[in-house]
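Here's a quick briefing on a protein chain, with an eye on its aromatic rings. Have a look at the model first, then read on.

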Amino acid sequence: MFFLHALATKRKKLEEAGDVEALMNLPFVTVFEKLSSPGGVWRSDRSHEGESDTHHGQQNTETSTNMYEGLWINGHKDASMEFFDYTFEDHFKTPQPVYLQRQQILEYMLARVTRHENILQDVLFNTVVESVTYDDDLEQF
C-alpha cells in the first residue's frame, strides 16, 4: 500500500507541474492481495479461517498474519511509527498513549495512504498469485 501511495503522490506532483514526460515514465502497478481487504501483517482476521478460496474452491486454513487481536506495539509510537505528513493527532484527533494497539496502527496506516487518493482501485483483492514469469522478448512480466 505504501508503494501505491508513493506512486499516487508522485503522479499528483508531476501532474501539477505539467511534467508529461516524467508522468509517462511512472509505472502502472496492480497489487494482488489474497485476502478481501488491505492490512498485511497488521491484520488479525480470524474470520478468514475456513473461508472458501474463491479461485480454487478449497478451504483456506491460513490466517492472514501472525499477529493476535490484542497485540500492543513494543516500540515508542513517536520514535518509529508516526509519519511526518500525517501525525497520530491528525488521525485520532486526541493525544494517544506511547504504545498503541495493533488495530490502531492498522487504521492509522490505511487512513494515511487512502486520505487523498483511492489507491485501493489498483488492488485486486481475493486474488492468489501462483506463478509469475518474465517474457524476455517483451521485456515484461
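Phenylalanine 2 is partly exposed, with a relative accessible area of 39% (buried means under 20% relative accessible area, exposed over 50%, partly exposed in between, with a 1.4 Å probe and protein chains only). Keep in mind that this is a predicted model, where local features need pLDDT of at least 70, side-chain atom pairs count only at pLDDT 80 or more, and totals for chains, interfaces and linings use all residues. Residues are numbered from 1 along each chain as its sequence is written, and side-chain values use heavy atoms, leaving out hydrogens and water.

**Ring pairs**

- Searching the whole structure turns up six aromatic pairs (rings of Phe, Tyr and Trp, the last by its six-membered ring, pair if their centres lie within 6.5 Å; planes under 30 degrees apart count as stacked, over 60 as edge-to-face and the rest as tilted).
- Phenylalanine 2 and phenylalanine 83 have ring centres 5.5 Å apart and planes at 55°, so this pair is tilted.
- That pair links distant parts of the chain, 81 residues apart: phenylalanine 2 sits in helix α1 (residues 2-17), and phenylalanine 83 in the loop between α3 (77-80) and α4 (88-92). Helices (H or I, at least four residues) and strands (E, at least two) are DSSP runs, numbered from the N terminus.
- Phenylalanine 83 is buried, at a relative accessible area of 19%.
- For phenylalanine 88 and phenylalanine 92, the centres are 6.3 Å apart and the planes at 20°, so the pair is stacked.
- Both of these, phenylalanine 88 and phenylalanine 92, belong to helix α4, four residues apart, or about one turn of the helix.
- Phenylalanine 88 is buried at 2% relative accessible area, and phenylalanine 92 counts as buried at 17%.
- Ring pairs join Phe2, Phe83, Tyr86, Phe88, Phe92 and Tyr108 into a cluster.

**Helix α1**

- Buried residues in α1 are Leu4, His5, Leu7, Ala8 and Leu14.
- The buried residues of α1 pack against α2 (20-25), β1 (31-32), α5 (102-114) and β2 (123-124), where contact means heavy atoms within 4.5 Å.

**The whole chain**

- The protein chain has five helices and two strands, in the order α-α-β-α-α-α-β along the sequence.
- Of its 141 residues, 29% count as buried.
- Among contacts in the protein chain with a separation of 6 or more, 60% come from residues 24 or more positions apart.
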